[in-house]
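Thanks, everyone. Let me put the model up, and then I'll walk you through it.

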Amino acid sequence: MLDRRIFLASAAAVAACGRPSASEAQPDTSAGTTASTPAPGAPSRREGAPRIVAMGEASEDFASFTREDWRARLTEAEFDVLRREGTERPGSSPLLEESRAGTYICAGCALPLFRSETKFESGTGWPSFYTHIEGALETKTDLRLWTPRTEYHCVRCEGHQGHVFEDGPEPTGERWCNNGVALDFVPDTAT
Ligand SMILES: [Zn+2]
């Protein structure tokens, strides 16, 4: 199983997280219950739970996608981050409260990017991880601000995800600061 293979983080790593989440004891049932009847013409990819599509299993040739293809596939907020390297408003992502065990996948192509065991509370208002699933992300230098930053993106669809900094917790000391809108979450209990 994919989840077994990528379950690399030790339980000790969880202790590196900042303040414990008050909602940790209870599974979040708010997501999924509100999506009742989609409006006619609503994007089909938002119906039902996202499906993990592992490396090498891509059903579509993402490299050939045009901007219009991506516009049709993504919501406006997803398009702004993934295809225009935008940044979501801090504190706006429901994934900040997500504390269940599971996998965070690319909202563009469903490639698994992060595991819940590596998520921590950074206090920045963006979902943060101390490492990523091996081979899932690539980095490049972002020179748009006065201080160069390291941008990272999905290795499969090249969608922008966030920036990585070197002020994170043990065991890596890295902080992968991710736009929540660029991710979908798949709990381990989902099949
Ligand atoms: Zn992707």
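This is a predicted model: local features need pLDDT of at least 70, side-chain atom pairs count only at pLDDT 80 or more; totals for chains, interfaces and linings use all residues.

The protein chain has 3 helices and 9 strands. Along the sequence, the order is α-α-α-β-β-β-β-β-β-β-β-β. The chain runs to 191 residues, and 32% of them are buried. Now contacts. Take those between residues at least 6 apart in sequence: 64% of them join residues at least 24 apart.

On to the sheet. Which strands form it, and in what order? Three strands make an open sheet, ordered β2-β1-β9, with antiparallel pairing. β2 and β9 are the edge strands, and each pairs on one side only. β9 covers residues 183-187. Ignoring direction, neighbouring strands here are turned by 30° against each other on average.

Look at the β1 and β2 pair. β1 is residues 102-106, β2 is residues 112-115, and they pair antiparallel over 3 bridges. Thr103 has Arg115 as its bridge partner in β2. Ile105 is bridged to Pro112.

Ala110 sits in the loop between β1 and β2. Its phi is positive, about 75°, although Ala110 is not a glycine. Is Ala110 buried or exposed? Ala110 has 22 C-beta neighbours inside 10 Å, so it counts as buried. The cut-off for that is 20 or more.

Next, the core. The largest nonpolar core has 32 residues. Those with the most contacts inside it are Ile105, Cys106, Leu111, Leu113, Cys154 and Leu183. Which elements supply at least two residues each? They are α3 (76-82), β1, β2, β6 (149-154), β8 (175-178) and β9. Note that β2, β1 and β9, the strands of our sheet, are on that list.

First, Glu158, in the loop between β6 and β7. Glu158 is another residue other than glycine with a positive phi, near 65°. Its surroundings are another matter. Glu158 has 15 other C-beta atoms within 10 Å, so it is partly exposed.

Second, a cis peptide. Where is it? The bond joins Glu170 and Pro171, with omega about 10°. Pro171 lies in the loop between β7 (160-165) and β8.

That's the tour. Questions, please.

Technical notes:
Residues are numbered from 1 along each chain as its sequence is written. Two strands pair if DSSP finds at least two bridges between them. Helices (H or I, at least four residues) and strands (E, at least two) are DSSP runs, numbered from the N terminus. Axes are lines fitted to C-alpha atoms, for helices over the stretch in contact, and angles run from 0 to 180 degrees between N-to-C directions. A nonpolar core is a set of buried Ala, Val, Leu, Ile, Met, Phe, Trp, Tyr and Cys residues joined through C-beta atoms within 7 Å. A residue is buried if 20 or more other C-beta atoms lie within 10 Å of its own, exposed if 12 or fewer, and partly exposed in between; C-beta atoms are placed from the backbone. Two residues are in contact if their C-beta atoms, placed from the backbone, lie within 7 Å.
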